[in-house]
Amino acid sequence: MSCQSCAAFRAVTREDFTLQRSETIGELAKALAAANGHIKNPNLYAVNPHFKSRYASLGAIINAVRAPLAAQGISAVQTVSNDGGSVGVTTTLLHSSGEWMAETIWSALPDRATVQQLGSSITYLRRYSLAAITGIVGE
């Protein structure tokens with residue numbers, strides 16, 4: 001199967017997905033389990049015209065998780081990195097106990113990526129990363 005836009009993607013290795021955490025995560029795990037009892041999958045209001053599919057926007061995912069996480073003393077922070085040819089997003093869950101867990105995911109950028117392509121990649125990575133680390137479905 002051929003995919004013209006897939007040519008920009010490099011092979012994914014285990015190093016592309018890294019989970020880091022504080023020395024202990026017992027309090028965070030307990031709080032995340034409690035928050036997950038209140039997190040609902042967001043509505044799929046956004047439309048991808050290319051694939052004729054619906055998905056949850058980044059805003060919808062943030063709105064679905066922010067209050068339930070905060071009620072349990074958890075905040076979600078997302079930071080962006082790049083290594084010249086790839087862009088990465090690290091999603092960190094911080095708990096009021098000081099415990100934390102973070103995961104970084106990476107995606108290759110097309111040669112001579114425009115600012116719009118960079119922004120699109122960052123939004124995509126933020127959406128999928130936050131959904132994954134909080135255990136929700138956005139598609």
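Which residue takes a positive phi in the hairpin of strand 4 and strand 5? I looked it up: G84 does, near 100 degrees, and the hairpin has three residues between the strands.

**Ground rules**

I am working with a predicted model, where local features need pLDDT of at least 70, side-chain atom pairs count only at pLDDT 80 or more, and totals for chains, interfaces and linings use all residues. Numbering runs from 1 along each chain as its sequence is written, and side-chain values use heavy atoms, with hydrogens and water left out.

**Overall layout**

I find three helices and six strands in the protein chain. Helices (H or I, at least four residues) and strands (E, at least two) are DSSP runs, numbered from the N terminus. The order along the sequence is β-α-β-β-α-β-β-β-α.

I checked burial next: 34% of the 139 residues count as buried. For me, buried means under 20% relative accessible area, exposed over 50%, and partly exposed in between (1.4 Å probe, protein chains only). The chain exposes about 8,800 Å², with 55% of it supplied by carbon and sulfur atoms. Those areas come from the Shrake-Rupley method with a 1.4 Å probe, and for residues only the protein chains shown count as cover.

I also looked at contacts (heavy atoms within 4.5 Å). Of those in the protein chain with a separation of 6 or more, 56% join residues 24 or more positions apart.

Strand 4 (residues 74-82) pairs with strand 5 in the antiparallel sense over nine bridges; pairing here takes at least two DSSP bridges between two strands. In this pairing, T79 stands opposite T90, and V77 stands opposite T92.

Strand 5 also pairs with strand 6, antiparallel, over nine bridges. S86 stands opposite A108 there. The hairpin of strand 5 and strand 6 has four residues between the strands, and G98 takes a positive phi near 100 degrees in it.

How many residues of strand 5 are buried? I get nine of the 10 in residues 86-95, so mostly covered by the definition I noted above.

**Cores**

The largest has 19 residues, and V65, L69, I74 and L93 have the most contacts inside it. Helix 1 (26-36), helix 2 (58-71) and helix 3 (115-134) are the elements that give two or more residues to this core. Helix 2 supplies the largest share, six residues.

I followed L69 in particular. Not counting residues up to four places away in sequence, L69 touches L32, A35, I39, I74, A76, L93 and T134. Another core, of six residues, lies apart from the largest one, with V89, L109, I122 and L125 among them.

**Helix 3**

I checked the length of helix 3: at 1.5 Å a residue its 20 residues should span 28 Å, and the end C-alpha atoms are 28 Å apart, which agrees. The expected span is 1.5 Å times one less than the number of residues.

Its buried residues are S121, I122, L125, R127, S129, L130, A131, I133 and T134. They pack against helix 1, strand 3 (53-55), helix 2, strand 4, strand 5 and strand 6.

My search of the whole structure finds one aromatic pair. The ring centres of Y124 and Y128 are 4.5 Å apart and their planes are at 40 degrees, so I call the pair tilted. My cut-offs for rings of Phe, Tyr and Trp (its six-membered ring) are centres within 6.5 Å, with planes under 30 degrees apart stacked, over 60 edge-to-face and the rest tilted. Both tyrosines lie in helix 3, four residues apart, about one turn of the helix. Y124 is partly exposed at 43% relative accessibility, and Y128 is partly exposed at 32%.

Most residues other than glycine have a negative phi. R112 is not a glycine, yet has a positive phi of about 55 degrees. R112 lies in the loop between strand 6 (100-108) and helix 3, and is exposed with a relative accessible area of 82%. Past helix 3 I noted G135, with a positive phi near 75 degrees.

Notes
A nonpolar core is a set of buried Ala, Val, Leu, Ile, Met, Phe, Trp, Tyr and Cys residues joined through side-chain atoms within 4.5 Å.
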